[in-house]
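User: I am new to reading protein models, and I would like to go through one step by step. Could you help me with some questions about it?

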Amino acid sequence: MQIKINLKIFIFIIIFLITNQIKIYAYLMLFAFIHELGHLYMGLLLGLKPKSLKIMPFGVSILFETYKTKKQTQTKKMFIAIAGPVVNIIIAIVGWLFEWQVEIIYANILIAIFNLLPIYPLDGGRIINAILSMKLKQERVIKYILKISNISIIILTIIASIGILYLKNIAIIFIIAYLWWLVIRLNKISKMKKKMYDTINAVKVPKGTGNFGTCLPKSEQKDGLFFKIMPKKH
């Protein structure tokens with residue numbers, strides 16, 4: 001399994017040191033790692049092999065090897081996505097019952113809420129993506145996920161703006177900026193996929209050459225249907 005570290009994490013460490021919030025940031029990173037262990041454990045239970053582990057400024061991300069079938073893909077993705085926030089919710093409940101430090105309870109609640117936001121590729125967005133993919137074609141799934149993510153980030157930005165005025169917490173700015181980066185990236189990827197689908201749909205198949213447009217799911221990292229145009233064998 002590959003382990004990758006995003007160097008931007010050191011910039012965020014310096015920022016939180018300057019703003020005297022390094023303790024809560026350390027808790028967030030620690031429990032974000034435990035959160036990811038929940039994903040890992042669920043993936044192993046479902047018989048999947050971990051492919052890579054990424055340490056990023058706002059958490060950790062683990063990717064698994066390619067799934068076998070579309071039905072397996074969406075069902076397993078949904079369970080894996082749910083597992084992470086469940087771990088944080090359990091820790092928060094246990095911490096409240098046994099009167100642990102407030103920072104521990106706060107960090108786990110924050111991580112659970114953050115990851116359950118309906119923005120792809122956060123866990124909430126992945127859960128919605130998996131559910132929609134069981135019923136709809138991939139083109140429509142991409143369209144709905146994009147709309148949900150765009151509307152969500154606008155609403156969150158409004159709420160965050162109010163929160164910054166009252167709480168005067170600079171960390172909120174970085175969280176919203178990170179979410180905007182995710183949504184902008186999602187929009188770019190979605191445009192690329194739309195062009196790909198339009199190209200495939202425009203292909204005309206001559207008689208006797210077979211059908212084109214075979215779907216070949218790639219890795220969890222891409223989390224979408226990437227097409228390779230090839231004729232079916234007779």
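**Salt bridge, surface patch and confidence**

Analyst: A search of the whole structure finds 1 salt bridge, meaning a side-chain nitrogen of Lys or Arg within 4 Å of a carboxyl oxygen of Asp or Glu. This is a predicted model, in which local features need pLDDT of at least 70 and side-chain atom pairs count only at pLDDT 80 or more, while totals for chains, interfaces and linings use all residues. Residues are numbered from 1 along each chain as its sequence is written, and side-chain values use heavy atoms, with hydrogens and water left out.

User: Which side chains meet in the salt bridge?

Analyst: The pair links distant parts of the chain, 80 residues apart, with one partner in helix 4 (residues 102-115) and the other in helix 2 (residues 22-45). Helices here are DSSP runs of H or I with at least four residues, and strands are runs of E with at least two, numbered from the N terminus. At 3.9 Å from N to O, the side chains that meet are those of E103 and K23.

User: Is K23 buried or exposed, or in between?

Analyst: Buried means under 20% relative accessible area and exposed means over 50%, with partly exposed in between (1.4 Å probe, protein chains only). Because its relative accessibility is 47%, K23 counts as partly exposed.

User: Which helix gives the most to the nonpolar patch?

Analyst: Two or more residues come from each of helix 6 (138-167) and helix 7 (171-202). With 6 residues, the one that gives the most is helix 6.

User: Why does L167 count as exposed?

Analyst: The place of L167 is in helix 6. L167 counts as exposed because its relative accessibility is 62%.

User: Where does pLDDT stay under 50?

Analyst: pLDDT is the predictor's confidence in each residue, from 0 to 100, and the chain averages 80, with 81% of the residues scoring at least 70. Where pLDDT is low, the predicted coordinates should not be read in detail. The stretch where pLDDT stays under 50 is residues 208-234.

Note on methods:
Contact means heavy atoms within 4.5 Å.
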